[in-house]
Amino acid sequence: MLKVTKEAETLKIKKELETSYKGLREYFKQKWKDRWKQGKKGAHTRAITPCPNKSTITLHRGLRKPESALLIQLRTGKIGFNSFLYTRKVPGVQSPNCECNRGLMIVKHVVLQCPRWHQEREEIGQPLRTNSLKQVLSGNEGCRAAIKLVLRTKLLEQFKGAEERQRTE
């Protein structure tokens, strides 16, 4: 009889713990969501993905490591374009502006607006014929097109080998 009551008590404690853990998970998940929405950092990413979800991971399927790394940089805005480098006071970066002198060298400008890359955008086609960076970087087709464009520009030294591999395929 003592053994049965100990087992019942153990089960009761386990259920209470599971309930407590579930409550804590929900609490901290909500706290994280609130911090995500109100945070001072990550504005570029929030503009593309207002609330992170598992579908973001699917954007990386089928990409090689350099392409996936580039996609992360495009989606976060933390990328080796003049605007980002200038704010970080990188030596040799004299201005946050693009060489075309029509705006800051940021992801949206390079991928969707810069006249220097108009021909490349035309060759890549439909996914880049929009003014919405969110639209481009939220879907597989747009992400791959943006990656292809940035690789073709050769603006980022660390990805030059990736662009050459992509061309040969």
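Among the elements of the protein chain, the lowest mean pLDDT, 62, belongs to helix α10 (residues 160–168), and the highest, 97, to helix α6 (residues 107–113). Here pLDDT is the predictor's confidence in each residue, on a scale from 0 to 100. The protein chain averages a pLDDT of 89, and 93% of the residues score at least 70. The structure is a predicted model, in which local features need pLDDT of at least 70 and side-chain atom pairs count only at pLDDT 80 or more, while totals for chains, interfaces and linings use all residues. Residues are numbered from 1 along each chain as its sequence is written, and side-chain values use heavy atoms, with hydrogens and water left out. Helices (H or I, at least four residues) and strands (E, at least two) are DSSP runs, numbered from the N terminus.

Two packed helices are described by the angle between their axes and the distance between the axes. Helix α4 (residues 65–76) packs against helix α9 (residues 140–153) at an angle of about 100 degrees, and the axes of the two helices are 10 Å apart. This angle makes α4 roughly perpendicular to α9. The axes are lines fitted to C-alpha atoms, for helices over the stretch in contact, and the angles run from 0 to 180 degrees between N-to-C directions. Angles under 35 degrees count as roughly parallel, over 145 as roughly antiparallel, 65 to 115 as roughly perpendicular and the rest as oblique. On the α4 side, E67, L70, L71 and L74 meet C143, A146, I147, V150 and L151 of α9, where contact means heavy atoms within 4.5 Å. By class, the contact of α4 with α9 comprises eight nonpolar residues, no polar residues and one charged residue. In this classification, Ala, Val, Leu, Ile, Met, Phe, Trp, Tyr, Cys and Pro are nonpolar, Asp, Glu, Lys and Arg are charged, and the others, Gly among them, are polar.

C143, one of the α9 residues in this contact, is buried, at 0% relative accessibility. Buried denotes under 20% relative accessible area, exposed over 50%, and partly exposed in between (1.4 Å probe, protein chains only). The sulfur of C143 lies 18 Å from the closest cysteine sulfur, in C51, which is too far for a bond. C98 is likewise buried, at 2% relative accessibility. The closest cysteine sulfur to that of C98 is in C114, at 3.6 Å, again too far for a bond. A search of the whole structure finds zero disulfides, a disulfide being a pair of cysteine sulfur atoms within 2.5 Å.

The loop between α5 (82–87) and α6 contains N97, which is partly exposed at 34% relative accessibility. Leaving aside residues up to four places away in sequence, N97 touches N82, G103, L104 and M105. Most residues other than glycine have a negative phi. The phi of K89, however, is positive, near 55 degrees, and that of N101 is positive, near 60 degrees. K89 is exposed, at 71% relative accessibility, and N101 is exposed, at 66%.

In the loop between α2 (43–48) and α3 (55–58) is P50, which is partly exposed with a relative accessible area of 46%. P50 touches W36 and K134, not counting residues up to four places away in sequence. The C-alpha atoms of P50 and W36 are separated by 8.7 Å, the two residues being 14 residues apart along the chain.
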